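Trainee: I'd like to learn how to read a structure like this one. Could we go through it together, feature by feature?

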Amino acid sequence: MKIAVLGSSGFIGSAVCNSLESYKDITVIRYKGRLSKYTDYKDFLSGVEVIIYCVGIAHFDRNTSTDSIKSATNADFLAASQFFEFINNKSIKRIIYLSSVNVFGKNSLERAPFSLNSVCYPSDLVSKAKLAIESRIISACSSTEYVIIRSPLVYGKGVKANFLSLVNLAKKNLPLPLGAINNSRSLVALDNIVDLIITCIDHPKAANQTFLVSDDCDVSTTELIKMMTRAAGKKPWLLPIPMSWFRLAGKLTGKQAIVDRLCGNLQVDISHTKQTLGWKP
């Protein structure tokens, strides 16, 4: 089987390629560049049966302007739309699209996990673009099967952004006021999401389905930092400051978004994924 991985130089895409290349009956074609609505994919997709689409903007620097974010996400959507129209006329059997649980919006106040029955209400431009691409796949792939995987934050070797910042904090083992955050957040290990993607390559029940993924073991911010600190060979040094103080500080300083990421809940229910595919993280 010949499989094309788009976004093969990224955090998840490169891990998918490395795993697939251990299979003797699979030939992996890597696409490292950004997609463009002007690109001709004819030669690249020759003989390809399955496409794993890991292209997309994961995060922006906090100083990036709204106009720049909007321009980038619009470009992603237009390139994806052109690509999906192209593959529908080829012998592609299935496309797997890596989306995000953020298409549901922010679940910072409620503890109820997101499920496939939850209403999508994305609150940022990147998540809105991912939801739009999901819809584009469904409408464009009339003769090609699709699989959509909505993922929470992925951690593992090579992780960046907010998770890497927490790792570095844990390694320094400074006294942090994060000892009483009793929220619940779903995460997914890099190995787990790669395993699910590979499962969806040829699983007959994966066709035209949307799946949620996680480690199926939600943790609080406090628990997470404690585990990271112990993994670094140190004893956690966390001060039990009430979450209500954090929320008040967030309102007073205009840092509500940062407080929500630290104290908020974001859980996903992966029972549909496990039952449909017989998959376990």
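**Reading helices, strands and loops**

Trainee: Let's start with a helix. Which residues of α4 are buried?

Mentor: Phe163, Leu166 and Ala170 are the buried residues of α4. They span an arc of only 60° around the axis, which places them on the same side of α4. Keep in mind as we go that this is a predicted model.

Trainee: Why do residues three or four places apart point the same way?

Mentor: An α-helix has 3.6 residues a turn, so residues with that spacing point the same way.

Trainee: And what do the buried residues of α4 pack against?

Mentor: Their partners are β6 (153-155), β7 (187-189) and α6 (221-231). As for the helix itself, α4 runs over residues 161-172, 12 residues in total. From first C-alpha to last it reaches 17 Å, close to the 16 Å expected at 1.5 Å a residue.

Trainee: What comes just after α4?

Mentor: Asparagine 173, with a positive phi of about 55°.

Trainee: Where else is phi positive, then?

Mentor: Look at two loops. Asparagine 208 has a phi near 60°, a positive value in a residue other than glycine. You'll find asparagine 208 in the loop between α5 and β8 (209-212), and it is partly exposed at 40% relative accessibility. Aspartate 216, also not a glycine, has a positive phi near 60°. Aspartate 216 sits in the loop between β8 and α6 and is partly exposed too, at 42% relative accessibility.

Trainee: You mentioned α5. How many of its residues are buried?

Mentor: For α5 (residues 190-199), count the residues under the 20% cut-off for buried. Here 8 of the 10 are buried, so the helix is largely enclosed by the rest of the structure. The buried ones are Leu190, Asn192, Ile193, Val194, Leu196, Ile197, Ile198 and Thr199.

Trainee: Now strands. In which sense do β1 and β2 pair?

Mentor: For a pair of strands, look at the direction and the bridges. β1 (residues 2-6) and β2 (residues 27-31) pair in the parallel sense over 5 bridges.

Trainee: Can we zoom in on α1? Is leucine 20 buried or exposed?

Mentor: Leucine 20 belongs to α1 (residues 11-20). Leucine 20 is buried, because its relative accessible area is 0%. Setting aside residues up to four places away in sequence, leucine 20 touches Ile3, Val5, Ile26, Val28, Ile52, Ile198 and Ile201. Sequence distance and spatial distance are separate things to read: leucine 20 and aspartate 195 are 175 residues apart along the chain, and their C-alpha atoms are 9.9 Å apart in space.

Trainee: What does serine 151 contact?

Mentor: Serine 151 lies in β5 (residues 145-151) and counts as buried at 6% relative accessibility. Beyond its neighbours within four places in sequence, serine 151 is in contact with Leu98, Ser99, Ser100, Val101, Val188, Ile193 and Val213.

Trainee: Last one: how many disulfides are there?

Mentor: A search of the whole structure finds 0. Take cysteine 141: the nearest cysteine sulfur, belonging to cysteine 200, is 15 Å away, while the cut-off for a disulfide is 2.5 Å. Cysteine 141 is buried, with a relative accessible area of 6%, whereas cysteine 217 is exposed at 53%.

Technical notes. Residues are numbered from 1 along each chain as its sequence is written. This is a predicted model: local features need pLDDT of at least 70, side-chain atom pairs count only at pLDDT 80 or more; totals for chains, interfaces and linings use all residues. Side-chain values use heavy atoms; hydrogens and water are left out. Helices (H or I, at least four residues) and strands (E, at least two) are DSSP runs, numbered from the N terminus. Buried means under 20% relative accessible area, exposed over 50%, partly exposed in between (1.4 Å probe, protein chains only). Contact means heavy atoms within 4.5 Å. The expected span of a helix is 1.5 Å times one less than its number of residues. The arc is that of the directions from the helix axis to the C-beta atoms. Two strands pair if DSSP finds at least two bridges between them.
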